[in-house]
Amino acid sequence: MHDFTLDELNLLFLYYADNRTEQIANLEEMRGYLREYETDLMQMTDGTLAKLRGMSDTEFADFRRSTNFDLEALGHV
């Protein structure tokens, strides 16, 4: 399983999506709005995207369940 840092988990939470493909799309879109001086956020986003691309859809679903990342189940959606 791919270990996400706390900052990466927060990024995933902020740009939440129902599945891995949408999560990647949300982060790619957000990255497109970053300014060239926002290098730390760019690097964190790139690292998060690499981890997402390196996992399968099943692994992503398991990750969400194992980290209580399901917002609907938590009553946040």
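Select phenylalanine 4 and phenylalanine 63 to begin: each is buried, where buried denotes under 20% relative accessible area, exposed over 50%, and partly exposed in between (1.4 Å probe, protein chains only). The model is predicted: local features require pLDDT of at least 70, side-chain atom pairs count only at pLDDT 80 or more, and totals for chains, interfaces and linings use all residues. Residues are numbered from 1 along each chain as its sequence is written, and side-chain values rest on heavy atoms, with hydrogens and water left out.

**The aromatic rings**

Display the rings of phenylalanine 4 and phenylalanine 63. Their centres are 4.9 Å apart and their planes stand at 40°, so the pair is tilted. Rings of Phe, Tyr and Trp (its six-membered ring) pair if their centres lie within 6.5 Å; planes under 30 degrees apart are stacked, over 60 edge-to-face, and the rest tilted. Phenylalanine 4 belongs to the segment before helix 1 and phenylalanine 63 to helix 4, 59 residues apart.

Phenylalanine 60 and phenylalanine 63 are 3 residues apart in helix 4, separated by about one helical turn. Ring pairs join Phe4, Phe60 and Phe63 into a cluster.

**The whole chain**

Switch to a cartoon view. The protein chain shows 5 helices and 0 strands; helices (H or I, at least four residues) and strands (E, at least two) are DSSP runs numbered from the N terminus.

**The nonpolar core**

Next, select Phe4, Leu12, Leu27, Leu52, Met55 and Phe63, the residues with the most contacts inside the largest nonpolar core, which has 13 residues. Such a core is a set of buried Ala, Val, Leu, Ile, Met, Phe, Trp, Tyr and Cys residues joined through side-chain atoms within 4.5 Å. Helix 1 (6–14), helix 2 (20–32), helix 3 (39–53) and helix 4 (57–66) each supply at least two residues of this core.

**Helix 3**

Now colour Met42, Thr45, Thr48, Leu49 and Leu52, the buried residues of helix 3. Viewed down the helix axis, they fall within an arc of 130°, so they line one face of helix 3; the arc is that of the directions from the axis to the C-beta atoms. They pack against helix 1, helix 2 and helix 4. On the other side of helix 3, Asp40 and Gln43 are exposed.

Finally, centre on threonine 45, which has 0% relative accessibility and therefore counts as buried. Leaving aside residues up to four places away in sequence, threonine 45 touches Leu11, Leu27, Met30, Arg31 and Leu34, a contact being heavy atoms within 4.5 Å.
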